[in-house]
Amino acid sequence: METGEASSSSRKTTSIPGTHPGDRFSRHVASSDLPIREAEPGRFVAELEEPASAWGKTWVRLRRILIGRPLRTTEAAHERIGKAKALAVFSSDALSSTAYATEEILRALVLAGTAAYAFVLPIGLAIVLLLAIVVFSYRQTIRAYPHGGGTDIVTEDNLGIAPGSFAAGALLSDYVLTVSVSISAGVAAMTSAFPSLYPYRVELAVAAIVLLTVANLRGVRESATIFMLPTDAFIVSLGALVLLGLASLAGIGPQPQPVHAEVPLPSSPLTLFLNLRAFASGSTALTSVEAITDGVPAFKEPQAENA
């Protein structure tokens, strides 16, 4: 909290420039109530008061260990991140969706028997085409709203408050479901690799959510540093998987081992509706593509170009 020039009055009002051009905030500070220091001639900054009780001091220390120290508004610009770290922060949601999107296609097609798996590739290509259209649309949104314009803001500006609120609700549901489904899919993969962890799958999922929460509360820049390693590892491992698959298809390198398991009998005919259902299930790969348009202000200048 900041005040303007020093004054003998107990309360002073001033207009403070905001983070973005055109932003102004009128702030009232009781100088007798807050410890202040002079940041520069005529400009005073309020300091946080430390609690006097032992419990209060312990809580402040614990909070700073977990999520770091509080940041002043003037430090917000230094928290912006470059493209390398932004890839880890804003692409992790979209990347996690690709980890289970193909599985969802297979779950739908298996109702018609294993012969229906021949439609996985055409459905996947259709989803990639849809993804290209969505990315093209969001690139236009970033250019039109260089200071940040998510789905709700764009919808409200062009269609009104009610559609904008509806879009905001859908976006909130999407984020909640992305976290829950991604965590569940990750824990399922972990317990598949290490079956001894299966009885603790709920505890593992809760621990992962807590870890993600704490990492995000530490700020964009620190959370980006934390997420860079697993995100880059996922990209490299997924690329290696694709290359190994292509090499195996060409008869080079290791060949897939046959799996001896009972195949369920077809319970549904291979209809257009079943293919559309598989397409809809696989479209979970598109979730959270809009995260970058929501987070344009977190990029370093030029923000829109980097986003």
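This is a predicted model: local features need pLDDT of at least 70, side-chain atom pairs count only at pLDDT 80 or more; totals for chains, interfaces and linings use all residues.

Mentor: Residues are numbered from 1 along each chain as its sequence is written, and side-chain values use heavy atoms, with hydrogens and water left out.

Trainee: What makes the contact between Arg-80 and Glu-301 a salt bridge?

Mentor: The term asks for a side-chain nitrogen of Lys or Arg within 4 Å of a carboxyl oxygen of Asp or Glu. The N to O distance between the side chains of Arg-80 and Glu-301 is 3.4 Å, so the pair meets the definition.

Trainee: Why is Arg-80 called buried, and why is Glu-301 called exposed?

Mentor: Buried means under 20% relative accessible area, exposed means over 50%, and partly exposed lies in between, with a 1.4 Å probe and protein chains only. Arg-80 has a relative accessible area of 12%, and therefore counts as buried, whereas Glu-301, with 55%, is therefore exposed.

Trainee: How do you know which residues join Arg-107 in a network?

Mentor: Glu-103 forms a salt bridge with Arg-107, their closest N and O atoms being 2.9 Å apart, and both residues lie in helix α3, four residues apart, or about one turn. Glu-104 also forms a salt bridge with Arg-107, where the closest N and O atoms are 3.8 Å apart. Because these salt bridges share partners, Glu-103, Glu-104 and Arg-107 belong to one network. Arg-107, at 52% relative accessibility, is exposed, while Glu-104, at 26%, is partly exposed.

Trainee: What makes the group with Leu-249 a nonpolar surface patch?

Mentor: A patch takes residues with over 30% relative accessible area and no salt bridge, joining like charges within 9 Å and nonpolar side chains (Val, Leu, Ile, Met, Phe, Trp, Tyr) within 5 Å. Val-242, Leu-243, Leu-246 and Leu-249 make a nonpolar patch of about 450 Å², the accessible areas coming from the Shrake-Rupley method with a 1.4 Å probe, where for residues only the protein chains shown count as cover. Leu-249, in helix α8, has a relative accessible area of 74% and is therefore exposed.

How values were computed. Helices (H or I, at least four residues) and strands (E, at least two) are DSSP runs, numbered from the N terminus.
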